[in-house]
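Please find below some remarks on the model under review. They are set out as numbered points.

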Amino acid sequence: MKNSLPYIELFDDLVTAIHKALWYCHIQHKSGKELREDDENLSGIFERYIKVKSISASGLDGHIIKGLTTSATRRRKLNEFPRIVKLVIHAFNRVRNNEKSSDVLPSPLHILYHALTVPEEPQTASYSFVLCRGMLFHFLKLHFRHPELKSISPYMDEFSEEDIQKAISSFKSNIDIYARWPDIRKNVNPRTVTSRINYLTGHILAVKGFAYLWFKNENHLEFFCQPNSTSRQELSDRYSNNSSTEKYSFRVSSLYTELPDSAEINNWIFGIPVPWRGADLLFFGGLKRTSTNGLVFSLHGQPGTGKTSAALSLAAVLEPLGTKTLYISLEENPEDLQTRLNSLVPDYLRKMRVFENNRNNLKLGKANDHQLAWFKALKFYESLTITQITDVLKTLQKDIKNQVANDAAVLSQIPATCPLLLVIDNVNELFNKDILYDEIEKFIEQCRNMGALVVLIAAEEIPGKFKLDYLVDVAIQLKQEGIDNKYEKPIRVFQLLKTRHQISRQGAHVFHLSSSNGFRLSPQVPSQLDKRERIRINLPSNIDFIHTLDIQHDGNIVIYKPFLPVACNSQILVHGHGSSGKAGFGLKLLLTPIIDKESLVDIRIKSFTKNKIQLKSQKLRKVLILSFLYPEDYYQVLKDRLDRQFINTFQGYYPRNSMIKVQSFYPGFLTAEDFVNKIVRLLEEASLEGEPFTGVLLDGLHNVFLQFKKLQESDMIWPLLYSILKRYSVTVVTTFTNISLIDLDNKESGSQLQTPQDFMLYQTAQKPFLHGIVRAADYFLMLEEDRLNKQKNNREYLISVRSSRQNPPNGLLRWNRQDLTIYEEV
């Protein structure tokens, strides 16, 4: 049985390097220097401490060393710098830009938590979090309450959920008064159990990004950031705060309005992370076990809904946490189950050394997927009675206890994980009509006493007949919708009915199964917003503005003429009738370089007309394009044309600091859950890469009408989506084209729609637009053809400002959709 934490072999070196890098960032920031991802001093810190060649040679965990395997010259040429450096800079700048104090830092474990997570697969954060949490337990010599803890780990002290709740309550009350916690002025002995529980709670919040580390002065900060070596004792001294002089406290991150509920924090600390994509949201971070250290699931549904595949997928993703699986089948042969399991191991897991198959292959020097030491399948006869299988489980329980006693390190090194997953597939034949309810109760109680995660797979009708869902701890139903209609795309639904011992987001959620991606959940849209409700809404900036509308072109001459500066982090609606180049205009808004204050003052004072506008420094502009209109190639052509224009407009503009990522949606049966989940995942992926998006272009929202049936039926998705986007530091541009049912140029046709049916059609099509007006209209711009000066061969387009955060200008601007330029105020 595996008895070490995921990535434990990298922990000491990587965390020490992050400490050193944060100190370097602090010194640079103190001297007024900008932190740059191409700074070779920062890259050098990680190259000294991380065994880059060893990791690279394994062919695994490429996300950890991304950008470190190439030379400095090649990095600059390709504009690809180490991901870990980007993460450090981003985390450091977020803290210093939002906090008044200069002696605050993000937790190094927060950066580690992100660095070990595969950006494209956010569920892998489960493995990095287990490492961070396990090491904090080790440093602080704490372990959650367990009946056999004293005999196994006598050097560790117990704590309970109530202890964590007291710590959180203390944190909240102290933050309101002193803005930090614990109060280090009281000189409390850091070795007391209460003090260690407080620091455990603070560090867990810091790992998740809800708290920062606050230091009394720079000397204390330097002591924390500068361990004398990579020894674990050096790190332990800093995280247990054992030093009598160099102490620190925690501050709530200004990026959040408040701390999470204590129930969610307890899920993080006591719960088993479920590394399915989307499961972290549903189970608030983890599954909490009962007082007997077990947990019983009911997983039921119609034939073909994916029950067995879901259980096998769970076995695969739990393996890196040290979980062995015993699969008892009353239907399938063990060989068939193992073949199915091999096909359900997701691709990303095959590229990580935390997966046992890969660890074994490294030792053996060859692939050996068919020998799974962590998975065992048994075939039982269908004639087995529920009493007989209860007796079998009692015998198995004794064997498990003996194994745990012989392998005490399991409990001391990997707390809050699950040593055994037991699946019984399926229980239909056990629950016959002659069964007594008392026998069912004894069976469920025996399952709960196993000290394991027990999954009971059953047919859809079993829970209703025998009250199975009433007895188990977690009840889940899988079902399919749309299978009776040949014109519908079937949808798999994961219905979370009950979680007895913890909070969860119950209800219906969409799920997917595939051999390359495994089991994935797309939580319902309200749940996705609910998870982010404590993130502070980003108001439009009062500092950074986009001057797209202030920069006009007259041939090769660039004219700066104040018209309307657009605040960053605002939401902009671009609307009009017919094709007018709204996609190009929206992309130009989002990619226009931010002009720093110095350059802006220089432009205003010296001249209104210049050949080029000087950029002192070019901030990254990275735009996520969500298109209902065009494929990626279309936007890449627009981006290339804008790059050429910006090179001629701005002195110091480099196309490599301007990026786009296109996600095109094609007509079909895209669900609201999958749509929002895909957008959020792309935003989170960019953050995990260390380069968050600065803008989002939602292009062609009108095409939702008729072409995206599921989205059209879910019109409330739009206010929820805009609410989610407000919690990211992005400028959002939405383009919407009206459907014109009358000839706008024919005055005789009037302004009335022709029939009541036309009116209803028009009203339905405008729902996304109306939501855009209400939720996404910090700026409302009209972009339409100039119909008064309409020419056969040269159509002109006008930009008008209908509403804005500032006083909207009365004039109009002309837009050249071919050159993507603005000229001539009318």
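1. Glycine 811 counts as buried in this predicted model, because its relative accessibility of 14% falls below the 20% limit for burial. Glycine 811 sits in the loop that links β28 (797–803) to β29 (813–816). Its C-alpha atom lies 8.3 Å from that of valine 801, a residue 10 residues apart from it along the chain.

2. The largest nonpolar core comprises 139 residues, of which Phe11, Phe46, Leu112, Phe159 and Phe494 touch the most other members. Helix α1 (residues 8–30) gives the most to this core, supplying 12 residues. Apart from this core lies another, of 45 residues, which includes Ile625, Tyr653, Val801 and Leu820.

3. Leaving aside residues up to four places away in sequence, phenylalanine 494 touches Trp276, Leu282, Ile476, Gln477, Leu478, Gly507, Ala508, His509, Phe511, Phe519 and Leu521.

4. Helix α15 (residues 307–318) and helix α16 (residues 334–344) deserve a separate remark: their axes come within 9 Å and cross at roughly 65°. The two helices are therefore roughly perpendicular, and the crossing of α15 with α16 is right-handed.

5. Which residues form the contact of α15 with α16? From α15 come Thr308, Ser309, Leu312, Ser313 and Ala316, and these meet Leu337, Arg340, Leu341 and Leu344 of α16. By class, the residues of this contact divide into 5 nonpolar, 3 polar and 1 charged.

Technical notes
Residues are numbered from 1 along each chain as its sequence is written. This is a predicted model: local features need pLDDT of at least 70, side-chain atom pairs count only at pLDDT 80 or more; totals for chains, interfaces and linings use all residues. Side-chain values use heavy atoms; hydrogens and water are left out. Axes are lines fitted to C-alpha atoms, for helices over the stretch in contact, and angles run from 0 to 180 degrees between N-to-C directions. Helices (H or I, at least four residues) and strands (E, at least two) are DSSP runs, numbered from the N terminus. Angles under 35 degrees count as roughly parallel, over 145 as roughly antiparallel, 65 to 115 as roughly perpendicular and the rest as oblique. A crossing is left-handed if the near helix is turned anticlockwise from the far one by less than a right angle, and right-handed if clockwise. Contact means heavy atoms within 4.5 Å. Ala, Val, Leu, Ile, Met, Phe, Trp, Tyr, Cys and Pro count as nonpolar, Asp, Glu, Lys and Arg as charged, and the others, Gly among them, as polar. A nonpolar core is a set of buried Ala, Val, Leu, Ile, Met, Phe, Trp, Tyr and Cys residues joined through side-chain atoms within 4.5 Å. Buried means under 20% relative accessible area, exposed over 50%, partly exposed in between (1.4 Å probe, protein chains only).
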